[in-house]
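Trainee: I have a model open and some questions about it. Can we go through them one at a time?

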Amino acid sequence: MPIEHQTLADEAATLALGASLAARLTGGGCVYLEGDLGAGKTTLVRGILRAMGHEGAVKSPTYTIVEPYELGDVHIYHFDLYRLADPEELELIGVRDYFGSGDLCLLEWPERGAGVVPPPDLIITLAVDGHGRKATLDWVGD
């Protein structure tokens with residue numbers, strides 16, 4: 001698939017992008033979320049999770065590393081690797097168990113898990129653009 005570019009005017013647009021992605025991610029996979037602090041990565045995850053039926057809070061798992069969500073038969077794991085000092089730390093939490101067939105893994109700061117996390121099916125890069133954001137979607141697995 002070609003790389004997609006989208007302009008996101010505000011938080012609502014970021015949530016809407018997440019909702020539209022949810023329909024395309026129903027089979028699971030590994031999604032890398034790239035961008036500076038405050039670029040909207042967690043907001044995008046919130047949009048994905050809400051569209052998949054999650055009604056509770058969605059916060060960045062900065063200190064817990066991973067936040068699991070079970071939505072019916074779907075297992076979604078939201079990772080935030082920002083505070084990871086060494087990718088090998090992921091082995092201590094049994095990270096490989098999270099990447100099962102059909103599971104959806106959303107990874108913020110994936111480069112900090114290099115060599116341990118699997119390759120992405122989709123890379124989403126978010127960048128601040130004035131008062132909004134720009135999103136680039138690269139469907140690596142297609």
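Trainee: At the start of helix 1, which residue has a side-chain oxygen that reaches the backbone nitrogen of A12?
Mentor: This is a predicted model, so read the distance as computed. The oxygen comes to within 3.3 Å of that nitrogen. The residue is D10.

Trainee: What length does helix 1 reach from its first C-alpha to its last?
Mentor: Helix 1 covers residues 11-24, which is 14 residues. At 1.5 Å a residue, 20 Å is expected. The model comes close to that, at 20 Å.

Trainee: Is R46 buried or exposed?
Mentor: R46 lies in helix 2, residues 41-51. Its relative accessible area is 17%. Buried means under 20%. So R46 is buried.

Trainee: Which backbone oxygen does the side chain of R46 reach?
Mentor: Leaving out residues up to four places away in sequence, R46 touches E11, L15 and V58. The side chain reaches a backbone oxygen at 3.2 Å. That oxygen belongs to V58.

Trainee: Where in the chain is confidence highest?
Mentor: The mean pLDDT of the chain is 91. Confidence is lowest in helix 3, at a mean of 88. The highest mean, 96, is in strand 5.

Methods
Residues are numbered from 1 along each chain as its sequence is written. This is a predicted model: local features need pLDDT of at least 70, side-chain atom pairs count only at pLDDT 80 or more; totals for chains, interfaces and linings use all residues. Side-chain values use heavy atoms; hydrogens and water are left out. Helices (H or I, at least four residues) and strands (E, at least two) are DSSP runs, numbered from the N terminus. Buried means under 20% relative accessible area, exposed over 50%, partly exposed in between (1.4 Å probe, protein chains only). A polar contact is a pair of N or O atoms within 3.5 Å; within protein, one must be able to donate a hydrogen and the other to accept it, and residues adjacent in sequence count only if both atoms are side-chain atoms. Contact means heavy atoms within 4.5 Å. pLDDT is the predictor's confidence in each residue, from 0 to 100. The expected span of a helix is 1.5 Å times one less than its number of residues.
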